[in-house]
Amino acid sequence: MGEEVAATFRKILFWTHLSCGIIAAVGILTMSVTGVLLTYERQIKDLASRAAYVPESQRIERLSLDRLRDHAVELKPAAADGSIVINADLGAPISFRAGRRGGMTLNPYTGGRMEPVAPWLDDIFSAITGFHRWFNFSAEDRAIPRAIIGVSNLIFLFLIVSGLYLWVPRILNWRSLRSRLLLRKGLETASAKDFNWHHVFGVWSAVPLIVIVVSGSLFSYRWTGDLIFAAFGTERPSAADSRNGEDGDERAVEGADDSANFLSLDELFASVSALEANWREISITLPKGGQLTVSAIVDRGDGAQPQLRDTAIIDRSNGEILEVRSFASLPLNQRIRSTNRFLHTGQYFGLVGQTIAGLVSAFAVVMVWTGIALAWRRLVWPLTRRRGLLPTQNANIQTQTHE
């Protein structure tokens, strides 16, 4: 009786798996292909931007950070409300970040604006990202395509989990396991090859794909995030909590003005840069008026690894580091929120993580292709054979299934 129930459950799960795969094929294929294309976006952009770095022959004397700040504010007043970013590479520009449109980059030696060498590269990756998220529809038309991507992502999670169950052979022995763990040679039919590839690529990519899909679902549905926070025994952080965790604690004195005896940006930078010898980028929030303290983020990673980022609170009057907040010291809910985006892209684990994310996205393309091919042979070919639409020599093709 138990075997009959298990067989019935397996059959129902198989047909549900097959049906969901057909329904979500376009959405999953879109996310997977664009995911592959976005794998090394950060490295490609960085490589292109280095072509615009100041050559060593022109690195004579750097302007002060205060002078660069004043010049940036003259060019774009919104820059005063953001932060100044210093790269460890002496040829890199000094960047000013203020929201999505208030940023700019300046030559640290001349103060001139440094425009991107390949703006078309940003356009290409922006278009690919648009396809990845909402089929590149315009802002006013994104609701439906975004919903399709969101649903496809959830269906993909079901396909991965159900596929793991269906992957387990009915008879457990090394021979049957090996046939589903390793690519086999000498398979005579296209159906047998598709069956083998679907199982092999599916099982090897299952765990990283679950991480990618679950983290991706947080971008589409608030309730999925609430479930994850609840699973870790914490609550979703508020916007204020997130800002406090990353931006620090900037204290101000009532009635104080800019004439107060505060250190320059260069002196503040010298103080915070001494915290970590291997820093790669330091971002200092531009102080205003009578603020007694200022926050700075010291990044030892590639910009996409929050666990390698510390926030320092600096006394503006003497440069003393009042507090250093490491990633590990942040509340659990803020750590989850900070890591989600970079888990989705694999960047949390650096170049290795990105490569794995790109590979399993490519494997997902193979799984969609082989899954549709298997479904076609199982559902469509029998109908065409009954109607005599296929050559007689194809009548004896054997189709393997998950059953």
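This is a predicted model: local features need pLDDT of at least 70, side-chain atom pairs count only at pLDDT 80 or more; totals for chains, interfaces and linings use all residues.

Residues are numbered from 1 along each chain as its sequence is written, and side-chain values use heavy atoms, with hydrogens and water left out.

**Nonpolar cores**

- A nonpolar core is a set of buried (under 20% relative accessible area, 1.4 Å probe, protein chains only) Ala, Val, Leu, Ile, Met, Phe, Trp, Tyr and Cys residues joined through side-chain atoms within 4.5 Å.
- The largest such core has 24 residues, of which Leu65, Ile84, Ile86, Phe96 and Ile284 touch the most other members.
- Helix H10 (265–273) is among the elements that give two or more residues to this core, and H10 gives the most, with 4 residues.
- Another core, of 21 residues, lies apart from it and includes Ile149, Phe156, Val360 and Ala364.

**Serine 152**

- Serine 152 belongs to helix H5 (residues 143–167), helices being DSSP runs of H or I with at least four residues, numbered from the N terminus.
- Serine 152 is buried, at a relative accessible area of 5%.
- The side chain of serine 152 reaches the backbone oxygen of isoleucine 148 at 2.8 Å.

**Glutamine 347**

- Glutamine 347 lies in the loop between helix H11 (332–345) and helix H12 (350–379).
- Glutamine 347 is buried, with a relative accessible area of 9%.
- Alanine 304 is 43 residues from glutamine 347 in sequence, yet their C-alpha atoms are 5.8 Å apart.

Note on methods: Buried means under 20% relative accessible area, exposed over 50%, partly exposed in between (1.4 Å probe, protein chains only). A polar contact is a pair of N or O atoms within 3.5 Å; within protein, one must be able to donate a hydrogen and the other to accept it, and residues adjacent in sequence count only if both atoms are side-chain atoms.
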